[in-house]
Amino acid sequence: MAGARPNFVKISPLIHAIQKSRGAIYQLVYTGKKDDPTLEASLFEDLQIPFPDVFLGVDSQSLNEITALVMGSFDRYLIEHATDVVIVVDDLASTMAAAITAKKRGIKLAHLVAGTRSFDINMPKEVNRLVIDALSDYLFTAGVKSNSVATREQQSESSQTFMVGNILVDTLRNNLSRFRKPDIPLVEEDYLVLTINRHALLEDEENLKRMLNIIMEVAGETPVIAPLRSNVYDVVSRLLGRQHNPIHFCTSMSYLEFGWLTAHAKGIITDSGNVAEEATFNGIPCITLNSYTEHQETVTVGSNVLVGGDANKLLVALTDMMKGEWKKCALPERWDGRTADRILQILIHSSELS
């Protein structure tokens with residue numbers, strides 16, 4: 001079950017593992033519409049997976065309405081399709097809705113990626129995480145901290161927690177040789193990458209402008225390549241006005257192009273947990289514009305530094321990045337590209353025992 005574009009990046013290694021296995025079969029269900037503009041054909045070509053088998057057709061901005069609509073549509077799907085296990089990804093409202101529906105039907109539920117917490121109950125995604133993990137029979141975690149959280153909060157004696165590793169790394173390892181250099185002259189020299197998507201950052205325009213000015217000042221002559229979605233570009237370009245700056249905007253890239261861009265950057269500034277994970281895998285210095293991360297190992301072991309929305313912390317971290325004074329980093333445990341295989345073997349073994 002996938003509820004948004006990033007989910008397909010995480011689910012693709014599992015699809016490949018199932019396709020190579022003997023006996024295991026699957027259907028890929030997407031909660032959105034078939035004409036969703038974020039699901040460009042190149043995404044599935046890049047990931048080498050087929051389009052979803054089923055589109056539930058839910059399209060709404062209201063989280064509660066999404067929950068209700070997905071529950072109704074997914075329930076009809078489960079009535080018509082015999083299902084042994086439902087695998088849900090991440091922490092969206094649609095993910096929670098699918099999890100609740102599966103359990104009401106008495107179907108085994110697996111959560112990928114389980115045990116991630118912000119410990120801020122006012123965040124809708126935190127509520128989703130708590131509900132999904134509480135309902136799940138199989139909790140697949142990416143690291144030690146998430147594994148500890150999932151085990152401690154386990155609600156049922158039948159639930160099992162497994163530290164399988166970071167499945168995003170499976171996708172990276174599978175596609176390293178296929179990354180495509182984007183057609184941007186700036187990639188021939190040192191450059192930074194900037195991505196922004198978080199609503200909290202965009203809504204506080206005064207602070208965002210302060211942070212953008214710091215990026216421009218510290219970057220100096222080093223270009224900053226910013227693949228931004230149109231709504232984010234509108235905000236950022238308006239804040240910057242016509243002043244000369246080293247930030248070079250471009251449209252959103254394909255998965256393989258963006259993978260190349262981040263893998264060859266001097267440094268990355270982002271509010272995306274996925275991008276920070278990719279930076280850790282590639283050993284690229286990364287500043288995350290958030291006060292927490294779902295995967296603490298990117299900070300404790302990897303190349304990630306959290307600055308939240310604090311412009312002063314951004315100034316210090318970015319200055320260090322530009323000077324080449326960054327902490328030593330390594331690959332966290334089980335970031336070996338075998339996460340999907342572990343998950344599939346656990347599910348197959350469990351089905352044979354039941």
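How many aromatic pairs does the count come to? It comes to nine, where rings of Phe, Tyr and Trp (its six-membered ring) pair if their centres lie within 6.5 Å. The model is predicted: local features need pLDDT of at least 70, side-chain atom pairs count only at pLDDT 80 or more, and totals for chains, interfaces and linings use all residues. Residues are numbered from 1 along each chain as its sequence is written, and side-chain values use heavy atoms, with hydrogens and water left out.

Select Tyr138 and Phe140. Their rings are stacked (planes under 30 degrees apart), at 6.3 Å centre to centre and 5° between the planes.

Next, select Tyr233 and Phe249. This pair is edge-to-face (planes over 60 degrees apart), with 5.1 Å between centres and 80° between planes. Tyr233 lies in helix H10 (residues 230-240) and Phe249 in strand E9 (residues 247-250), 16 residues apart. Helices (H or I, at least four residues) and strands (E, at least two) are DSSP runs, numbered from the N terminus.

Then select Phe8, Tyr30, Phe44, Phe51 and Phe55, which ring pairs link into a cluster.

Finally, show helices H3 (residues 63-80) and H4 (residues 93-104). Their axes, lines fitted to C-alpha atoms over the stretch in contact, are 8 Å apart at an angle of about 40°.

Notes: Axes fitted to C-alpha atoms, helices over the stretch in contact; angles between N-to-C directions.
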